[in-house]
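The following exercises concern a single protein model. Please work through each task with the structure open before reading its solution.

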Amino acid sequence: CSSTSSISRGEEKTSKKFPSLSLVLALCAACIGGTFQYGYNISIINAPTAYVHDFINQTWKERFQTDISEDVLTLLWSTIVSGYTIGGFIGASVGGVLSVKLGRKMTLLANNIFALTAALLLGLSYPAGLFELLIVGRLFTGINAGVAICVQPQYLGEIAPTSLRGAMGMGTSIFITGGILSGQVVGLKELLGREEYWPILLASTCIPAFLQLLILPWFPESPRYLLIDKGDEEGCKKALKQLHGAKCDQEWEDISQERNNLAGLTAKKPWELLRDRSVRWQLLTIVLLNAAQQLNGINAIYFYADYLFKQAGIPSDKIPYVTIGTGACECITALTCASISFVLLCLVMLLLFLFLKDASPIIPYLSMACVFAFILSFGLGPGGVTNILTTELFTQTSRSAAYIIAGSVNWFSFFFIGLVFPFIVIGLQQYCFLVFLVICFSVALYIFLVIPETKNKTFLEIQNEFNQSPNNRAASRADGVGTTLLSTSSI
């Protein structure tokens, strides 16, 4: 293209500042039964912990005429909780495959089968007297979340115009935090947090699933999937007009150019992507960022928030309400993206907590502020960007496989930190979060040195800019596909 056309194209990309109403509603329809469920099912399991323990003990006593041992009870409860992460790993593994076979939209709709099945099993566990249904139900909620976190960001990234891709991708983060906050609120004793309501609380995961089944069918499939994967030009044009309005020529041009560059190529399998040297740095980037998203300490905060607040001296009857503050902090950050000064606040409060813990009655509340600041700083960066970046760094034929790899790393890291963090606490005690500081600093340095800016750039432009690093140019020359993409994208 000539420089003049490139300039006009850049101007057109930045001209759209606000999404259409249809695009916003499509985002909400995709997220309410997607990553909202992910966040919701992370938080609702905390409120009925004591009641589920009593139910397991009661069921065990009825079967074997003896109380359950503390070790077996802990094992069963850990299995119920960790079943979510195991299911998530399974869901991430199959989500990318389903998104290629069924399409992004149809995969999201079909994914509600797992949520509805989980709600049925969880709700029936108490009246049936079978705590095993809790284990299977949590496994299904994890599968639902794993598929959603893999497919929903793809759908949002592919329906958004280039200039709004980042803003649309933030829907993933906003609805995750909204789900966490909603689960914390619904789990209060004033709502469904009482003993007689805990099966209903766990089964309430069916509500977002029903909402998505009612709303999402009114919106189109991903235009990129329709044109590049299915070759449906009319369907693509119709979807673009519904999502972006009559003026969608630029989006059509970008998708057509990507289709021309990928002509003759088919969707890659994860193992094929791992062997492709032309995307080596992109793969390394998403693996590191998805691991860091779980290993930066945020889930240690969520897993052990009650313990941390109790150790800090917060009254036990106030802890459920303070815990809601953790969800509110991340939700507000996802919506507003405040200042990096929260990171400095976190460090200051941590020092106060470590060295002045017993010196003043205000220290418990300063430590609470430290936890909130930590969550706010997470929302400013990895909480909102990681899933968007996975969409942006890969073209259509590689994207689904990239999400399988990224999702698998994410869920494995999720499971790993839940398993290992108690031992880190035992070993390092009050210095346990220094491990996360090292991880955060290392990944921040990698991001600064390696990852290019992706704002207002097409997927092909991002890929070509990645290939400008010396190491990647060598990989591209060694791989015919990388060279072909580079040469055809300049036409």
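**Exercise 1: a nonpolar surface patch**

Task: determine which helix gives the most to the nonpolar patch.

Solution. Helix α5 (residues 70–101) makes the greatest contribution, with three residues; helices are DSSP runs of H or I with at least four residues, just as strands are runs of E with at least two, numbered from the N terminus. The model is predicted: local features need pLDDT of at least 70, side-chain atom pairs count only at pLDDT 80 or more, and totals for chains, interfaces and linings use all residues. Residues are numbered from 1 along each chain as its sequence is written, and side-chain values use heavy atoms, with hydrogens and water left out.

Next, consider Ile 90, which is found in helix α5. Ile 90 counts as partly exposed because its relative accessibility is 37% (buried means under 20%, exposed over 50%, partly exposed in between, with a 1.4 Å probe and protein chains only).

**Exercise 2: Ser 400**

Task: decide whether Ser 400 counts as buried or exposed, and list what Ser 400 touches.

Solution. First, locate Ser 400 in helix α22 (residues 396–428). Its relative accessibility is 5%, so Ser 400 counts as buried. Finally, leaving aside residues up to four places away in sequence, Ser 400 touches Gly 96, Ser 99, Val 100, Arg 104 and Gln 154, where contact means heavy atoms within 4.5 Å.
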